[in-house]
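Visitor: I have a model open on my screen. Please show me how to read it, feature by feature.

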Amino acid sequence: MNAEAIPHDSVTDQLTGHDWSALAGELNGYGYAVLKELLPPDICRAIASLYTEERHFRSRVHMVRHGFGIGEYRYFRYPFPAFLEDMRSVLYAYLAPIANEWNERMGIERRYPEDHGEFLKKCHTAGQKRPTPLLLKYGAGDYNCLHQDVYGDLVFPLQAAILLSQPGVDYEGGEFVLTEQRPRMQSRVEVVSLRQGDAVVFAVQNRPVHGTRGDYRINMRHGVSRVRSGQRYMLGLIFHDAT
Ligand SMILES: O=C(O)CCC(=O)C(=O)O
Ligand SMILES: [Fe+2]
């Protein structure tokens, strides 16, 4: 299946059917939530197979060269294939109200328009013009160090990643992990078990937490534990563009 044959509205129905108040509750409680079976296996495989198609990407990063871990990823170029354009803007529209509530609680002034195109205009005006969605590829021994996907001053506080490979069949190991660093406490970790086609939505950098003296911010990072065998592909959706 080539990129144009991937249904452009492949996630729209799935997203409409999700329980968004439950998802918001999990995001508020833990800083992440899983959307189960967002994509069927054939679409997952089709997206993973785009990795070798030069024309879709603007750059390729070998993680070891930057100390980011081991493995590689490629950033998509504009214009995106229809499925990606659609997936990112539809998901954004659901997440923008949650992002606005988070910023309010964290004392951050920025509010996000409902329409992703409007938000991208702001990114572009601020000099953040390069697209950030990416395909990641890990082989045996590869891993992704804990990090935050901040690409400029303009940050949308939530991002998503979709597991394209089948754990236990295509690869072993390679767990998605999140850490949170709380003021004056030791770091806490969550291992997010995903199945093929599941999406994890998570905090880019900070999340608000209720405290006895009001809300405060905690710092979050994400990464991937070592892939022990096989190959693991992931699609990353970041909603702000990069400088
Ligand atoms: O491969 C993963 O699970 C993590 C991908 C990632 O870091 C991202 O999408 O920002
Ligand atoms: Fe990341």
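**Reading the packing**

Guide: Start with a helix against a strand: the buried residues of H3 pack against E15. This is a predicted model, where local features need pLDDT of at least 70, side-chain atom pairs count only at pLDDT 80 or more, and totals for chains, interfaces and linings use all residues. Residues are numbered from 1 along each chain as its sequence is written, with chains lettered from A and ligands numbered from 1 in the order in which they are written.

Visitor: Which residues of helix H3 are buried?

Guide: Helices (H or I, at least four residues) and strands (E, at least two) are DSSP runs, numbered from the N terminus. A residue is buried if 20 or more other C-beta atoms lie within 10 Å of its own, exposed if 12 or fewer, and partly exposed in between, with C-beta atoms placed from the backbone. In H3 (residues 41-48), the buried ones are Cys44, Ala46, Ile47 and Ala48.

Visitor: What does Leu164 touch?

Guide: Contact means C-beta atoms, placed from the backbone, within 7 Å. Leaving out residues up to four places away in sequence, Leu164 touches Cys44, Ile47, Ala48, Gln196, Tyr233, Met234 and Leu235.

Visitor: How many residues are in the largest nonpolar core?

Guide: A nonpolar core is a set of buried Ala, Val, Leu, Ile, Met, Phe, Trp, Tyr and Cys residues joined through C-beta atoms within 7 Å. The largest here has 59 residues, and Ile162, Leu164 and Val201 have the most contacts inside it. Helix H5 (residues 82-106) gives this core its largest share, nine residues.

Visitor: Why is Asp13 called exposed?

Guide: Count its neighbours. Asp13 is exposed because 8 other C-beta atoms lie within 10 Å. Asp13 sits in helix H1 (residues 12-17).

Visitor: Which strand is joined to E2?

Guide: Two strands pair if DSSP finds at least two bridges between them. Five bridges join E2 to E4 (residues 72-76), and the two run antiparallel. His62 stands opposite Glu72 in E4.

Visitor: What surrounds ligand 1?

Guide: A residue is near a molecule if its C-beta atom, placed from the backbone, lies within 6 Å of it. Around ligand 1 are Leu136, Asn144, Asp149, Ala161, Phe176, His222, Val224, Met234 and Gly236. Strands E13 (214-224) and E15 (232-237) each supply at least two residues of this shell.

Note on methods: Two residues are in contact if their C-beta atoms, placed from the backbone, lie within 7 Å.
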